[in-house]
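Reader: I have a structure open and would like to go through a few parts of it. Can you take my questions as they come?

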Amino acid sequence: MPTTSPTELQPQGPTSPGGPLRRRGTADDAAGLGRSRASAFVAPALVMIGIFLVFPALWTLYLGVTNWRLTGAAAADPEFVGLDNYLDALTDDRFLNSLYLTVIFVFFSAIAGQMVIGFTIAWVLRLSSKRIRPAVEMLVLIAWILPASVIAWLWLALLDRRSGTLNTILGTEGTAWLLEYPMQSIIAFNIFNGTAFSMLLFGAALASIPPSQLETARMVGAGTWATLRDVVFPNIRGHVLTVMLLVTLWTFNVFTPFLLTAGGPNQQTEILPVFIYRLALQAGELGKGAAFSLIMILINLVIALVYLRVLRERRT
Amino acid sequence: MRTFRSRALAAAVLAPLLVVTACGDDDEAPADEGADDQEEPDDGEDEPAEAATLTISKNSIRGGKSTEEAEFIEDWIIPEFESRMAEEGVDVTVNFEGSGADDEDYKTALALDLSTGAGADVFAIDGIWVGEFAEAGYIQPLNQIYDGVDDWDGWSQINEAVQQNMSFNGERYGIPGGTDGRVIYFNKELFAQAGLPEDWQPTSWEELLDAGRALAELDGVIPIQLNAGTPMGEATTMQGVLPMLAGAGARIWEEDSGWQGASEPVQQVLDLYYTIYVEEGLGDPLLQQEAAGRDNSFLQFSEGQIGMLLEGDYLWRSVISPDSDLAPMENRDEVIGWAKIPAIEPGAGVDGQDFVSMSGGGGTVLNPNTEHPELAWELLTFMESEEALLERHAEQPRITARDDVNAQLIDDPLISYIAEEVLPITFYRPGFETYPQVSVALQEATAAAADGTTAADAAADYQATLEGIVGADNVAN
Amino acid sequence: MTTTIEQASTHPRAESMAFARAALGRIGRYVFLGFVIVFFALPVLWLVTAPFDRAPALRLSFPSFTLRNFETLLDNPYALRSLGNSLIISLGTMALVLILAALASYALSRVRIPGRDTLLYMLLLLSSIVTGTAAMVPTFVLITELRLIDTHLAVVLVMAGGLLPAAIFILKDFMDNTPKSYEESARVYGASPLQILRHVVVPIARPGLATIAVWSVVQVWGNFLVPFILLRSPENFPAAVIMFTFYTEGGQPNLALISAFSLLFSIPVVLLYLFVSRRYGFRFYGGIKS
């Protein structure tokens with residue numbers, strides 16, 4: 001069987017400088033920035049992030065231990081309720097259900113959907129002609145750059161119960177996709193909306209594989225699966241993990257399905273961002289909404305840590 | 001919410017920030033425009049009266065949602081008011097801040113503004129928001145904002161029950177903008193085909209269902225569409241649960257006992273949903289779950305595919321009127337009939353009534369933080385004056401809050417019917433801060449019942465949710 | 001392209017098997033590509049037919065061609081202005097994000113500032129909470145205290161704050177992949193770090209910067225919640241907010257306005273993408289590595 005690439009052990013070639021964690025020392029400081037000037041370069045961005053992202057986020061942390069509401073008596077005089085909101089979350093069926101739906105949604109739309117389809121597109125396009133490749137890429141990218149509200153309308157027209165395009169094509173007149181298959185619908189919707197990112201990143205990753213290795217695989221007559229398994233994946237494992245992390249985090253926080261189903265019917269598509277939006281802004285339960293958001297951020301943190309762990313294990 | 005925290009921090013970080021961002025932003029701060037206006041020199045007038053600026057905010061926008069209302073304010077109210085005040089020597093500029101978003105989003109934006117002491121001087125809110133806004137201190141009784149409020153001659157023209165809609169704890173918080181009533185609309189042509197009378201008036205739920213069963217014999221006709229589920233929002237509560245609940249003999253909130261839990265009337269209502277949507281299939285349960293389900297029900301009703309629809313006068317005057325662009329019916333006056341909503345049995349409704357209805361409506365309030373309370377009140381009363389309302393509703397009559405205006409305006413058979421026959425038997429929602437959440441809980445219960453959950457189970461779930469919202473002590477046993 | 005296989009497989013049976021496999025593979029590829037094209041093109045068709053339909057509905061139909069929907073749109077006092085507002089907000093955000101992210105990512109790529117790695121991963125984590133709805137209320141109060149309510153600047157600042165972490169993270173990898181020899185020579189000739197960044201690094205990292213530019217414009221262009229919460233005058237609303245006002249009194253969407261506006265709303269970002277993709281190449285190449 002085909003060779004296991006010897007370069008697997010040194011993931012990047014000498015020309016690529018490597019990732020954020022690997023570099024030690026200031027040997028790369030080609031422009032002679034120095035630490036103080038480098039800090040000055042970083043500072044403006046950190047100030048912006050600090051004021052407009054971290055500061056509101058910390059404030060949210062504080063809100064999470066109050067019973068503050070947008071309106072009503074609790075708006076005038078919020079009380080400190082300690083960890084009640086967090087304890088509520090653990091026993092709140094609607095929250096737990098929402099968490100479960102989010103896991104399903106992330107797994108099928110991000111990992112099984114966007115990543116697998118995105119990779120396959122990148123893999124297939126790699127060999128495609130000069131005319132097909134840009135055309136397909138553009139189609140996939142358009143689905144990503146169109147404004148969310150426009151995309152929502154496109155899908156409402158596609159899935160409409162009465163005269164929707166899908167029913168016309170499949171001859172399934174009267175099928176209310178958004179009601180009868182709500183989760184499947186928003187999963188397909190999110191695959192449509194987000195595959196571009198995976199496709200681009202995997203495209204870049206595939207381009208970084210030394211052509212000689214693919215050539216070798218071909219010479220020994222390796223099939224597609226064998227090539228993928230023995231040459232491609234070992235080379236791009238780092239990319240796969242990064243894409244997985246980014247896509248998972250983003251999908252975890254995606255709000256656009258709200259425009260399609262508003263969390264319904266009967267909360268069947270009430271993924272966490274939608275649930276928190278309805279709770280915090282529509283129902284005005286700011287304290288609870290803040291606490292639930294924090295739980296969501298903690299879950300994100302766990303995902304990121306698991307990713308880091310896996311990445312580190314790969315290196316040692 | 002206290003904001004001193006942010007003030008200190010903001011001050012500390014703001015200065016360097018603006019230096020940093022100055023290069024990256026090509027934005028003209030529109031706030032400057034207002035400042036310029038104020039600095040304009042007087043045109044040699046004797047009085048050094050400082051120009052006042054007032055802002056009106058409503059959830060309507062020219063060219064979009066409720067465009068007529070926005071146009072009326074911008075094209076008539078504002079110029080008229082400004083010129084009249086100018087004649088009196090008062091220099092005032094009025095701005096209109098339209099929104100046109102979802103009602104919930106409009107409410108969020110309002111509440112955010114008010115929580116920071118900002119917001120328009122005069123703004124519109126729904127009657128059911130009065131309680132929660134008042135409890136939060138976002139609005140105050142009108143006579144605490146301006147002394148002369150009680151002297152307004154318009155109050156005598158507004159029915160006490162209608163005033164209640166914008167009142168809380170016995171205090172007036174705003175001037176109601178009008179009211180409405182709900183009836184059962186039916187398609188006379190379909191009724192004729194099913195052998196039902198043209199002047200149909202059910203006196204019990206059983207007669208209502210009987211008519212539905214007769215209509216079920218016709219091909220491609222949905223006999224009864226009774227609003228259910230959360231996508232319809234408040235329409236489910238007002239055109240579904242609450243009128244039926246009143247017909248079963250209960251108000252959702254009673255002064256001496258509290259909120260209705262899984263009581264017998266609530267179970268009877270949920271059982272009605274179960275009967276219509278599950279047991280006998282007299283309604284289309286999917287239609288109730290669609291995001292645009294209510295609009296589709298209008299459309300299907302106007303196309304003769306729905307036999308009976310419980311709706312407010314809004315359906316008649318704005319949706320199926322021949323000049324509407326939603327679901328116009330050329331032959332509306334000939335084809336569509338209406339009937340009062342019956343109690344479950346004659347005499348079984350609230351207060352022993354035979355027939356019931358629900359009414360709602362919004363109103364306009366003053367911002368407690370307005371810099372010009374007197375002028376703002378002047379503007380508000382002008383907006384709700386006989387003259388302005390006649391001007392506003394001349395083309396499309398509706399039930400305004402003022403009796404003098406109604407008397408001159410209403411010549412439409414249905415609107416008169418509602419004003420004369422329905423308003424005397426109608427009920428209003430309780431203006432408590434928790435009401436909107438209770439309403440959602442009721443919507444969820446109807447969704448469950450229409451989806452096949454038995455009335456007892458749906459009611460039990462509802463009771464649990466209700467206890468979480470208002471506390472178990474406040475639920476009637 | 002089959003020469004290598006022929007050379008490698010001398011056995012005739014193996015040869016025909018390889019041929020069959022190649023043929024099957026090719027068929028599979030086209031079937032897959034066909035599926036991809038249909039999946040991604042089908043929904044978009046509505047966008048090019050409905051705006052020109054006399055009675056646009058939620059269906060695909062050959063339109064009885066008309067431009068009336070666009071005329072209706074022009075009558076709307078806020079429609080075109082809102083596109084201008086979107087342009088101001090998204091270009092403002094883009095400029096801010098690009099400048100700050102380029103500075104920061106370059107410095108982070110070249111110099112090991114203490115705590116850099118922790119910082120980078122904190123940034124990554126933060127990048128996922130851009131749309132945090134619960135944080136909208138503190139954000140609103142903050143903007144109120146800064147007296148920036150109802151200004152485009154407020155939206156630009158909040159959006160930029162939310163987008164910067166991901167932008168820095170992605171750009172840093174681009175910076176890592178730009179060769180350093182030019183910088184060294186420039187330094188020898190006495191160029192200051194800022195000059196080196198402007199005249200040496202930026203031109204090399206241009207595809208990355210262009211990609212971030214498109215990415216940030218796209219993020220801002222479609223965002224409803226931030227501008228809705230922070231802006232008050234309809235004159236200041238961007239297109240994403242105005243689009244949600246195209247409803248009639250009963251909440252019935254006005255499809256004539258919505259479909260025509262959707263098209264106008266989409267064209268700028270598509271053009272921007274095409275421009276960037278032609279000019280610089282729209283690639284995360286070099287890409288995110290680990």
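Reader: How many bridges join β14(B) to strand β16 of chain B, and do they run parallel or antiparallel?

Author: This is a predicted model. In it, 3 bridges join β14(B) to β16 (residues 426-428) of chain B, and the two strands run parallel. Within that pairing, Thr426(B) in β16(B) is opposite Ser357(B).

Reader: Which way does β14(B) pair with β13 of chain B?

Author: The pairing of β14(B) with β13 (residues 341-342) of chain B is antiparallel, over 2 bridges. Val356(B) in β14(B) has Ile341(B) opposite.

Reader: How many residues of β14(B) are buried?

Author: The strand covers residues 355-359 of chain B, and 5 of its 5 residues are buried. Side chains in a regular strand alternate between the two faces of the sheet. In β14(B), Phe355(B), Ser357(B) and Ser359(B) lie on one side, Val356(B) and Met358(B) lie on the other, and all of them are buried, which leaves both faces covered.

Reader: Next, the open sheet in chain B. What is the strand order?

Author: The order is β2-β1-β3-β15-β6 (chain B), which makes 5 strands with mixed pairing. At the edges are β2 (92-98) and β6 (174-176) of chain B; each has a single partner strand, so one side of each has no neighbour in the sheet. On average, neighbouring strands of this sheet are turned by 25° against each other, direction ignored.

Reader: What joins β6(B) to β15 of chain B?

Author: The link is 3 bridges, with β6(B) and β15 (residues 362-366) of chain B running antiparallel. Gly363(B) in β15(B) is the bridge partner of Pro176(B).

Reader: Which strands of that sheet does helix α3 of chain B touch?

Author: Helix α3 (residues 67-87) of chain B packs on the sheet and touches β1 (52-58) and β2 of chain B. The direction of this helix makes about 170° with that of β2(B).

Reader: Switching to chain C. How many helices and strands?

Author: Chain C has 13 helices and 0 strands. Of its 290 residues, 55% count as buried. Taking contacts in chain C between residues at least 6 apart in sequence, 73% join residues at least 24 apart.

Reader: At what angle do α3 and α13 of chain C pack?

Author: Helix α3 (residues 68-75) and helix α13 (residues 255-279) of chain C pack at about 90°, and their axes are 9 Å apart. That angle makes α3(C) roughly perpendicular to α13(C).

Reader: Which residues meet there?

Author: From α3(C), Asn69(C), Phe70(C), Thr72(C) and Leu73(C) meet Ala256(C), Leu257(C), Ser259(C), Ala260(C) and Phe261(C) in α13(C). The residues of this contact divide into 6 nonpolar, 3 polar and no charged.

Reader: And why is α10(C) largely enclosed by the rest of the structure?

Author: Because 14 of the 16 residues of α10(C) are buried. The helix takes in residues 206-221 of chain C and reaches 22 Å from its first C-alpha to its last, close to the 22 Å expected at 1.5 Å a residue.

Reader: Last topic. How many residues of chain C are in contact with chain A?

Author: There are 91 residues of chain C in contact with 97 residues of chain A. On the chain C side, helix α2 (residues 12-49) gives the most, with 16 residues.

Reader: How do the residues on that side of chain C divide into nonpolar, polar and charged?

Author: The side of chain C that touches chain A has 60 nonpolar, 17 polar and 14 charged residues.

Terms used:
Residues numbered from 1 in each chain as written. Chains lettered and ligands numbered in written order. Predicted model: local features only at pLDDT ≥ 70, side-chain atom pairs only at ≥ 80, totals over all residues. Contact = placed C-beta atoms within 7 Å. Helix = DSSP H or I, 4+ residues; strand = E, 2+ residues; numbered from the N terminus. Nonpolar A, V, L, I, M, F, W, Y, C, P; charged D, E, K, R; others polar. Buried ≥ 20, exposed ≤ 12 C-beta atoms within 10 Å, placed from the backbone. Expected span 1.5 Å × (residues − 1). Axes fitted to C-alpha atoms, helices over the stretch in contact; angles between N-to-C directions. Parallel < 35°, antiparallel > 145°, perpendicular 65-115°, else oblique. Pairing = 2+ DSSP bridges.
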